[in-house]
Amino acid sequence: RGLERRKFVLENQALLAHLQEQNRALEQFNLSLEKQVEARTAELRQAQAQLMQAARMATVGKFAEGIAHEINKPLTLLLGNAKLVLQRSEFDQTIRLYMTEVVKSAERIAHIVRTFLDFAEPARLLHQPTDVNLVVEKVIELVTPKLAGTQIQLITTLDPRLPQVLGNSNQLQYAFLNIALNGIEAQSPKGGQLSIVTRTGR
């Protein structure tokens with residue numbers, strides 16, 4: 001009877017050890033599962049944020065496109081009439097000088113409108129070699145009118161040796177424009193400097 005009792009105790013100990021081992025394995029599985037759920041949740045949140053950002057960019061793009069087209073209609077008429085005045089010889093020099101300034105200003109606005117239309121194109125996720133300096137120059141053209149009448153000085157230093165990067169020009173322009181506008185807003189109305197610099201890594 002003593003042997004049977006000892007055998008019974010040993011069997012219980014073995015069963016207990018097995019249950020403890022299974023419990024540890026289950027805890028490890030639960031921990032691994034929690035980490036996987038957390039990782040997948042983070043991925044889903046990131047994907048959702050990217051979708052929301054894409055939707056916002058599409059909305060801004062459509063808005064910019066509508067504004068650009070509304071500006072372009074009367075601008076084309078204005079520019080055409082101003083050029084016709086310059087082609088006619090019966091107007092005196094003062095009027096011709098005024099019309100020359102009108103043409104210059106209208107052509108600058110037309111260039112900004114074209115930039116808006118480029119920006120309003122659907123943002124394809126296609127990444128291709130992109131000239132960052134060219135993107136920055138477009139951003140500078142868009143923010144320069146906003147600096148008029150402020151005490152903010154615009155300083156630009158663009159490195160001509162800057163290599164092309166693999167990216168999406170519309171998305172880069174959107175990001176750079178936001179940064180520049182935030183910089184302007186942060187310094188208004190007290191004034192300051194808005195420095196836009198591109199350079200290669202050291």
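In this predicted model, Glu43 and Arg40 share helix 1, where they sit 3 residues apart, about one turn of the helix. The two side chains form a salt bridge, with the closest N and O atoms 3.9 Å apart. That distance counts as a salt bridge because the cut-off is 4 Å between a side-chain nitrogen of Lys or Arg and a carboxyl oxygen of Asp or Glu. Glu43 is partly exposed at 45% relative accessibility, and Arg40 is also partly exposed, at 48%.

A search of the whole structure gives 3 salt bridges. Side chains of opposite charge can pair when their charged atoms come close. The pairs are listed below.

| Salt bridge | Closest N to O distance |
|---|---|
| Glu43 and Arg40 | 3.9 Å |
| Glu107 and Lys83 | 3.7 Å |

Glu107 and Lys83 form a salt bridge with the closest N and O atoms 3.7 Å apart. This pair links distant parts of the chain, with Glu107 in helix 2 (residues 93-120) and Lys83 in helix 1, 24 residues apart. Glu107 has 38% relative accessibility and counts as partly exposed; Lys83 is partly exposed with a relative accessible area of 36%.

Arg161 is exposed, with a relative accessible area of 66%, whereas Asp159 is buried, with a relative accessible area of 9%. Asp159 is classed as buried because its value of 9% falls under the 20% limit.

Helix 1 spans residues 2-87 and includes Val37. Val37 belongs to a nonpolar surface patch together with Leu26, Phe29 and Leu33, and the four residues have about 380 Å² of accessible area together. Val37 itself is partly exposed, with a relative accessible area of 46%.

Two packed helices are described by the angle between their axes and the distance between the axes. For helix 3 (residues 132-147) and helix 4 (residues 169-187), the axes come within 9 Å and cross at roughly 35°. The crossing of helix 3 past helix 4 is right-handed. On the helix 3 side, the contacting residues include Val132, Val135, Val136, Lys138 and Val139. Helix 4 contributes, among others, Leu172, Phe176, Leu177, Ala180 and Ile184.

Terms used: Residues numbered from 1 in each chain as written. Predicted model: local features only at pLDDT ≥ 70, side-chain atom pairs only at ≥ 80, totals over all residues. Heavy atoms only, no water. Patch = residues over 30% accessible without salt bridge, like charges linked within 9 Å, V, L, I, M, F, W, Y side chains within 5 Å. Areas by Shrake-Rupley, 256 points an atom, 1.4 Å probe, with all protein chains shown as cover. Helix = DSSP H or I, 4+ residues; strand = E, 2+ residues; numbered from the N terminus. Buried < 20%, exposed > 50% of the residue type's maximum accessible area, 1.4 Å probe, protein only. Axes fitted to C-alpha atoms, helices over the stretch in contact; angles between N-to-C directions. Left-handed = near helix turned anticlockwise from the far one by under 90°. Contact = heavy atoms within 4.5 Å.
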